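Hi everyone, thanks for coming. Let me put the model up, and then we can walk through it together.

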Amino acid sequence: MSSTVLYMSMSLDGFIAGPNESLENGLGDGGHRLHEWAMTGDGVDLEATSRSGGANGKIVDEFMTTGAIVAGRGTFEPADGWGGDHHDGVPIFILSRDRHEAEEAKWPLVTYVSDVGTAMARAKEAAGGKDVLVHGAGTAQLALAAGVLDELQIHLIPVLLGEGRRLFEHLGADHIELEPIRILEGAGATHLRYRVRR
């Protein structure tokens with residue numbers, strides 16, 4: 001059965017982006033450090049990471065075989081919409097209160113959805129039994145609050161950013177229990193996977 005899984009790189013002090021985050025500086029100052037575990041050279045080379053094996057390669061293989069994507073505009077837009085295809089032609093559902101018909105026409109894999117519950121349900125259906133890759137702090141927070149996020153895969157990076165955007169800063173006072181599923185030690189990252197208890 002399909003699960004909705006947040007994949008997120010995070011500093012040891014809980015930041016997913018550095019300070020001065022903007023559309024042009026999507027990960028903020030120093031935020032690229034959080035993704036070095038999956039990078040080679042000057043950019044992201046997920047195929048090279050996958051081929052390299054080890055824990056990092058295993059994680060890349062997992063998220064590259066997901067059957068659909070759910071993300072917020074704050075993740076989608078700085079990534080230039082992934083050119084309309086995140087990986088292997090899987091459907092992409094973007095949380096947005098506004099319709100973006102021009103983008104939907106240009107990128108047929110992209111669908112804008114206004115409600116996180118609907119986005120997750122449609123993504124699970126579209127994933128055909130594969131997991132759904134969830135992107136973005138705002139999306140994760142909404143999904144946790146709505147009870148529609150099944151798992152968290154946190155790539156914990158041994159760095160203290162000091163400031164920036166935290167992954168869990170707007171969850172409110174609700175107590176959310178997580179069940180540890182797996183811990184993998186990779187080069188430059190510890191991969192922690194949790195199931196959300198309901």
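Among the contacts in this protein with a separation of 6 or more, 65% join residues 24 or more positions apart, where contact means heavy atoms within 4.5 Å. Before I go on, please keep in mind that this is a predicted model: local features need pLDDT of at least 70, side-chain atom pairs count only at pLDDT 80 or more, and totals for chains, interfaces and linings use all residues. Residues are numbered from 1 along each chain as its sequence is written, and side-chain values use heavy atoms, with hydrogens and water left out.

Now the overall picture. The protein has six helices and 12 strands; these are DSSP runs numbered from the N terminus, with helices being H or I of at least four residues and strands E of at least two. The radius of gyration is 16 Å, close to the 16 Å that the globule rule gives for 198 residues, so the protein is as compact as a globular protein of that length. That radius is taken over C-alpha atoms, and the rule is 2.2 Å times the number of residues to the power 0.38. Buried residues make up 45% of the 198, with buried meaning under 20% relative accessible area, exposed over 50%, and partly exposed in between, for a 1.4 Å probe and protein chains only.

On to the cores. In soluble globular proteins, nonpolar side chains tend to be buried together. A nonpolar core here is a set of buried Ala, Val, Leu, Ile, Met, Phe, Trp, Tyr and Cys residues joined through side-chain atoms within 4.5 Å. The largest one has 27 residues, and those with the most contacts inside it include Leu6, Met120 and Leu167. Helix 5 (116-127) gives the most to this core, with five residues. Apart from it lies another core of 22 residues, among them Tyr7, Val60, Phe76 and Tyr112. What is Leu167 in contact with, leaving aside its neighbours within four places in sequence? Its partners include Leu6, Met8, Ile16, Ala137, Gln141 and Ile154.

Two of those partners, Ala137 and Gln141, are among the buried residues of helix 6, as are Thr139 and Leu144. Just after helix 6, Gly147 takes a positive phi of about 75°.

Next, the pockets. On a 1 Å grid over the protein atoms alone, a pocket is an open set of points where a 1.4 Å probe fits, with protein on both sides within 12 Å along at least five of seven lines; lining residues have an atom within 4 Å of a point. Grid points are joined across faces, edges and corners, and a volume is the space filled by probe spheres set on the points. The largest pocket holds about 990 Å³. Of its 33 lining residues, Leu27, His35, Ala79, Trp82 and His135 are the closest to the centre. Strand 1 gives the most to this lining, with three residues. Trp82 sits in the loop between helix 3 and strand 6, and has a positive phi of about 55° although it is not a glycine.

The second largest pocket holds about 320 Å³. Its 18 lining residues include Gly72, Arg73, Leu95, Thr139 and Leu142, the closest to its centre. Helix 6 comes back here, giving the most to the lining, with four residues.
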